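Hi,

Here is the structure I promised to pass on.

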Amino acid sequence: AVVDVAIQDYVADVASELIYQNKSPISTEVLFVFPLGPHMAIYSFQAHSEDAKVQAMLQDEAQQLHEATGGWENLEYLQDQSEYPGEVFACFLGTLSPGREMVVTLRYVQELPREPDGAAHFVLPPTLHPYTRHYGRAFALPSAVVLLAAWNCLTSKLPYSLLLTASLQSPRGVANVQANFALTPLIYTAQDHSIAQVSLAGSPPSQHNLELLVYFGDPTAVSAVVEKGDPGAPPGSLLGDPMVLVTLAPSIPEAVPGQHQSGEFIFLLDTTFLEHAQVPLQSRDQDGESLLFLLKSLPLGCYFNIYCYGEASVGVFPQSVEYTQDNLTEAMRRIPSTGSSLSDTNLLGILCSIYNTPRPRGHTRQLFIFMSTLPPDKEAIAAEVCRHRNSHRCFSFCFSEDSAALAMALARETGGEATYISSDNSMTVVVLKCLKQALKPAAEGVSLSWTLPRGLEVEVLGGTPESIFQGQHSLLYVQIRGQAQDPTVDKGVMTLQYSLDGQDVTHTIEFPLCPQGDGRLAGHRLAARCLLKRLLPEAASGSGDEPRHRAVEISLTSGIICPFTSYVGVRTSQITWYRGPLALLPPRQSLIPCQIVELRGSRRVSSCHPVSIWVPPGWLTAVCESWLALRRLTHAIAALPQRGACSKACKPPPSSISSLKYVGPMEFVLRSTIFWPCSTEVFAECQELVALQNADGSWALSSGLASVLEIDEAEIKGKMPGEVMEPSIWATVLAVAWLHRPDKCYQDLCELLEAKAVTWLCSRAVSQLDKCLEAANTLLGSSVKPSVFRL
């Protein structure tokens, strides 16, 4: 294999040439399969042997020739036999005779994740580096012989060679490159270090992925790179005009847990789920623990609301309200009665109502969607969320295999997380982990402004996100249109503005208008994919034919597939087909099966390798016409927890570079393992204490608290230090100390609650905490350290 990678900041263009040789004594039917990651798009594929050439071409599905579909049903074999579910590019390449070679050329573009330290993270796909974990072979049909020789999973010898080169480019300069394999020295080909090259040195490792971390000279909060257009494309077209690749990654400091925090948190509960999660104020029903812990863990300063949907749907409040003790008490009081509402609004109607309601100023909107079953109007729900993806995040929780695909699509589109709740794990712990993610601070009110020479204007394809959360970044594609009236002005200015913790922040960057790049158009093609995201909801909504026609035009000109186009394999010369039981195509036909295939996956498990799940790009799943294809993604979910235990023990050794912690873009890390082995008794103990906590984090000195502490109320009052002026201060210190009892671990359940309590104490009684803690340790027989109270 020969692989050439071009990395421009956080965009990669990969050109690969794979040479397969049939070393068996019989002819072999060849099927090429390439798994697709969520931020990846193929734009060119062809294969040729001595007597045939096959090229993948995009066609409008409405104009697809009927004779081209004759062999499509044979892909059912691939769908059923694959060990992994997920979306792949598949193309039949015909028959390869003994001793003959076939050359496959594949090109794709990909958005690269940005590490917290600013590095661009690139991983070579397993198909291009088929080390032992991934079996290292092409797919073959029944009675066919594997093109690459098979080997035992315990051996380390690779039956192939790899030549990997990478060209790196950034106006900020390429500072350093790290890898988990041997590299040649970094060679700079520009005096300002803006262009560099590096290659694989020696043989590739046989036990892990090949990963690159590319560090740039100035990891600032904003960067802009101009990529020149295609000189062969007409001016004014998507490929013809220059494109600005903009990276937004504001530097956001960590928030102090428990402090006042902005944000709008909206919880959407399936009424089927709600039947098992009633939370009246004095509830002791353990089924309601998840919602109780979730509501109690919210920070002061935020806004919240709760919607219940299903056959009957209603919101606890007409719109989000401030998180106060009164509003929290009212919400918990009203939740049990929501199921009796006569409203017939479903999840789609609630989402539309939420999006039509202005969010509180300065508060980032985040939705927590709980789905017991797959809701109706699933395609419309996904399209509606996709349409508003720049204005909010979704954290999705599904309780059935049917709803898993929808949950993942909603979360992926909005930058949130999806979680499958199995019977083997604690829903409370899982939900609280997601809430901790949602509570990370964000840059709010994000806006971009431009200063360009007269005659030029810009268009941000796909829009600008309203918020950027800590640890996340946004990659924007901005088209420059028009002709500058003053050619002597060769620079533009971009200004990023946002609010951080109530303070306005401005970043200004100057960039050259002279287009750069090597002509591979990686940014343009990813911009086409971004623009298709924006067009697909409009096309799916049925609002005229124009959005669909525009999507088809962009797809055909850029080579990026969309739901309205499909691949067709075109054979440009004669080939002798193997006439076996599959009977693919008659020799006279020039069109062969070639398309995006959704693998169903099977129950087979390797004894040597972990099980992964490949997931399709979220933008494609959002409006896919066939929901059956989405459901295929979930077939292996039920068995995954059982397979995961064996898989963890069989993982290959970790990378030699500790900073390279790769989770493949095609792997969905399903949150179905047991995060914390806590018993029902421990949950019940916590729930009783949590139910008594106030919204501000404090506890009142009451008989209920005494019951939880298992100490007489009179004794508690008698042991209160004389310096304490408020009984609630003494009660709160006791509650926090109780959570730190020996042989008890409530960290995963009560971390947010405890942080809120400690913050309340520090704001009220710093001078009294030492004596209170000493008295609490004596009364409870504990040994809580002062550091717990930030002393």
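Q8 first: setting aside neighbours within four places in sequence, Q8 is in contact with Q169, S170, P171 and V225, where contact means heavy atoms within 4.5 Å. With Q169 there is also a polar contact, as the backbone oxygen of Q169 lies 3.2 Å from a polar atom of the Q8 side chain. (That term covers a pair of N or O atoms within 3.5 Å; within protein, one must be able to donate a hydrogen and the other to accept it, and residues adjacent in sequence count only if both atoms are side-chain atoms.) Q8 is buried, at a relative accessible area of 14%; buried is under 20%, exposed over 50%, and partly exposed in between, with a 1.4 Å probe and protein chains only.

Before I go on, the ground rules. This is a predicted model, in which local features need pLDDT of at least 70 and side-chain atom pairs count only at pLDDT 80 or more, while totals for chains, interfaces and linings use all residues. Residues are numbered from 1 along each chain as its sequence is written, and side-chain values use heavy atoms, with hydrogens and water left out.

Now the sheet around Q8. Q8 sits in strand β1; helices (H or I, at least four residues) and strands (E, at least two) are DSSP runs numbered from the N terminus. Strand β1 (residues 2-8) pairs with β2 (residues 11-21) in the antiparallel sense over seven bridges, and Q8 stands opposite V11 of β2. Two strands count as paired if DSSP finds at least two bridges between them. Both strands belong to an open sheet of 10 strands with mixed pairing, in the order β12-β13-β10-β1-β2-β7-β4-β5-β30-β31. The edges are β12 (187-188) and β31 (591-592), each with a single partner strand, so one side of each has no neighbour in the sheet.

Helix α9 (residues 522-540) lies across β2, β4 (40-48) and β7 (101-111), at about 70 degrees to β7. Helix α10 (residues 546-558) lies across β4, β5 (53-60) and β30 (565-571), and runs at about 160 degrees to β5. For these angles, axes are lines fitted to C-alpha atoms, for helices over the stretch in contact, and values run from 0 to 180 degrees between N-to-C directions.

What about strand β21: are its faces covered or left open? Both are covered, with R365, L367, I369 and M371 buried on one side and Q366, F368 and F370 buried on the other. β21 has parallel partners: six bridges join it to β17 (residues 264-270), and seven join it to β22 (residues 392-398).

Next, helix α4 (residues 325-334), whose buried residues are L328, A331 and M332. Seen down the helix axis, they fall within an arc of 95 degrees, so they line one face of α4; the arc is taken from the directions from the helix axis to the C-beta atoms. Their cover includes α3 (289-296) and β18 (303-309). On the other side of α4, D326 and R333 are exposed.

Y215 is another buried residue, with a relative accessible area of 15%, and belongs to strand β14 (residues 211-216). Beyond four places in sequence, Y215 is in contact with several residues, including D117, A119 and G173. G173 is 42 residues away from Y215 in sequence, but their C-alpha atoms are 8.7 Å apart.

Most residues other than glycine have a negative phi. D377 has a positive phi of about 55 degrees although it is not a glycine; D377 lies in the loop between β21 and α6 (378-387) and is partly exposed, at 39% relative accessible area. D501 also has a positive phi of about 55 degrees without being a glycine. D501 is in the loop between β28 (491-500) and β29 (503-512), and is exposed at 75% relative accessibility.

Cheers
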